[in-house]
Amino acid sequence: MSIVCGIPLLECVYCLACARWAWKRCLHSAGHDSETWGVASADEFEPVPRLCRYILANYEDDLDNPRHALPGLEAVNPRWVVRKKTYRDTHRRAPPYLIYLDHDHCDIVVAVRGLNLAKESDYAVLLDNSLGKRKFDGGYVHNGLLKAAGWVLDAECDILRELVEKHSNYTLTFAGHSLGSGVAAMLAMVVVQNRDKLGNVERKRIRCFAIAPARCMSLNLAVRYADIINSVVLQDDFLPRTATPLEDIFKSLFCLPCLLCLRCMRDTCIPEEVKLKDPRRLYAPGRLYHIVERKPFRFGRYPPVVRTAVPVDGRFEHIVLSCNATSDHAIIWIEKEAQRALDMMFDKEQIMEIPAKQRMERQETLAKEHREEHKAALRRAVTLSVPDAFSPTAYGTFDEKTSEAEDDSQSSSTRSRQRMSWNELIERIFEKDESGHMVLRKSTSNS
């Protein structure tokens, strides 16, 4: 065609298509990822800045004289630190972490620090993975992060069980940043699957906040555990959007812009249906909170807005070509912007002057809306033919009205009553003959 007409038509069409794709790709901003999501409330977002400060405590050598203390904000109380583990204590099996007993907020917190570029053990955790290597609870997870979480649980299950049983009204929160976010998410899943190790703690008392999360679990698990796992993403952060095995990222860490650009083009060309039907593709876990503070073609930061949802498709699938893709990954920036967003939420509530009774009713309504949104996400996953996805009725995670211990005790007593009545019924129907065999009673056979 090009030779006959003397005009390279096919080449022109190809170039125009590539130019259109590149233009749309460059115009894609972080705000597009969450533009259809709802706005988060102060009650659900309140723990995020505080948990960021607990994670930062792992970077301190002396908690009595912290280097990263932020003026005017609540700091970590050294007397409430139950245990603080360093790289020497973890024996290169897991990143450093601390167990913090927060009496002010009735919370037992396990805070895991992020990646240390100078520690080979952190790279070993990240590189211990390949697609489809590790299955867990009907899905796929990152092998190295799951092993690190298992090591932490084995090392601290005794102290955690003691704290959970002693403070029965406290929540159990796992929090982490970057590498630690993956470990925290895996910890929450492992604890849910092994609640007997912590004294049969109720599922509703367990929660997780993954700050700048790594993509560590398949889509069916990410949606299924959205009732306990929450991921927080600041604007253009690259890690939750990098749909490539984590080992490829950190092998090419010093050429990260080139790698991200190539992966960006590759992943953009893959159809959405192909991504959703890949059971080994890893995603950011749980419910997502997206802090948006910049707009395209505008300079400076704007008052942050926090949007939240449990998305199935369009779950941070595209890397944002931004000069802030790596700076938005820093825990200090996330804490600062999350605190700004929370202060704005509280100021808005003070202006509205919401009474305490209405605030409690709103919290109950919010919890109900989250449950309904979670169910809708599970149904959406089934509709999109996500591998190993099931409808909400397959999981007993909604509308829990009694604790697990009460349920277990009631079920055991019910089984014992049923067993007694069944034995009585057998004795009424059958009898033993002279040889010791069970036969029907004569009265029963005649009737």
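The chain exposes about 22,800 Å², and carbon and sulfur atoms supply 55% of that area. Accessible areas here come from the Shrake-Rupley method with a 1.4 Å probe, and for residues only the protein chains shown count as cover. Before I go on, please keep in mind that this is a predicted model, where local features need pLDDT of at least 70, side-chain atom pairs count only at pLDDT 80 or more, and totals for chains, interfaces and linings use all residues. Residues are numbered from 1 along each chain as its sequence is written, and side-chain values use heavy atoms, with hydrogens and water left out.

Let's stay with the overall picture for a moment. Of the 447 residues of the chain, 48% count as buried. Buried means under 20% relative accessible area, exposed means over 50%, and partly exposed is in between, again with a 1.4 Å probe and protein chains only. The chain has 16 helices and 15 strands; these are DSSP runs numbered from the N terminus, with helices being H or I of at least four residues and strands being E of at least two. As for contacts (heavy atoms within 4.5 Å), residues 24 or more positions apart account for 72% of those with a separation of 6 or more.

Helix α7 covers residues 143-166, and its 24 residues should span 34 Å at 1.5 Å a residue; the end C-alpha atoms are 33 Å apart, which agrees. The expected span, by the way, is 1.5 Å times one less than the number of residues. Even so, α7 has a kink of about 60°, centred on E156. The bend at a residue is the angle between axes fitted to the seven residues ending there and the seven starting there.

Helix α8, residues 179-193, reaches 22 Å from its first C-alpha to its last, close to the expected 21 Å. Why is α8 described as largely enclosed by the rest of the structure? Because 14 of its 15 residues are buried.

On to charged pairs. How many salt bridges does a search of the whole structure find? It finds 19, where a salt bridge is a side-chain nitrogen of Lys or Arg within 4 Å of a carboxyl oxygen of Asp or Glu.

Take R50 and D102, whose side chains meet in a salt bridge at 3.3 Å, N to O. This pair links distant parts of the chain, with R50 in helix α4 (residues 47-56) and D102 in strand β3 (residues 97-102), 52 residues apart. R50 counts as buried at 3% relative accessibility, and D102 counts as buried at 0%.

Another such pair is R294 and D236, at 3.1 Å, N to O. R294 sits in the loop between β12 (287-292) and β13 (305-309), while D236 is in the loop between β10 (229-234) and α10 (246-251), 58 residues apart. R294 and D236 are both buried. They also belong to a network of salt bridges that links D236, E293, R294 and D328.

What about R380 and D313, buried or partly exposed? R380 is partly exposed at 36% relative accessibility, and D313 is partly exposed at 30%. Their salt bridge has its closest N and O atoms 2.8 Å apart. Here helix α14 (residues 356-383) supplies R380, and the loop between β13 and α13 (331-352) supplies D313, 67 residues apart.

A quick word on cysteines. The structure holds 0 disulfides, a disulfide being a pair of cysteine sulfur atoms within 2.5 Å. C106 counts as partly exposed at 29% relative accessibility, whereas C157 is buried at 13%.

Next, please find Y283 in strand β11 (residues 282-283). Y283 is buried, with 0% relative accessibility. Leaving aside neighbours within four places in sequence, Y283 is in contact with several residues, including C216, M217, K275, R315 and E317. The C-alpha atoms of Y283 and P213 are separated by 9.2 Å, though the two are 70 residues apart along the chain.

Finally, some backbone angles. Most residues other than glycine have a negative phi. A212, not a glycine, has a positive phi of about 50°. A212 lies in the loop between β8 (206-211) and β9 (217-218) and is buried, with a relative accessible area of 0%. Q235 is not a glycine either, and has a positive phi of about 45°. Q235 is in the loop between β10 and α10 and counts as buried at 3% relative accessibility.
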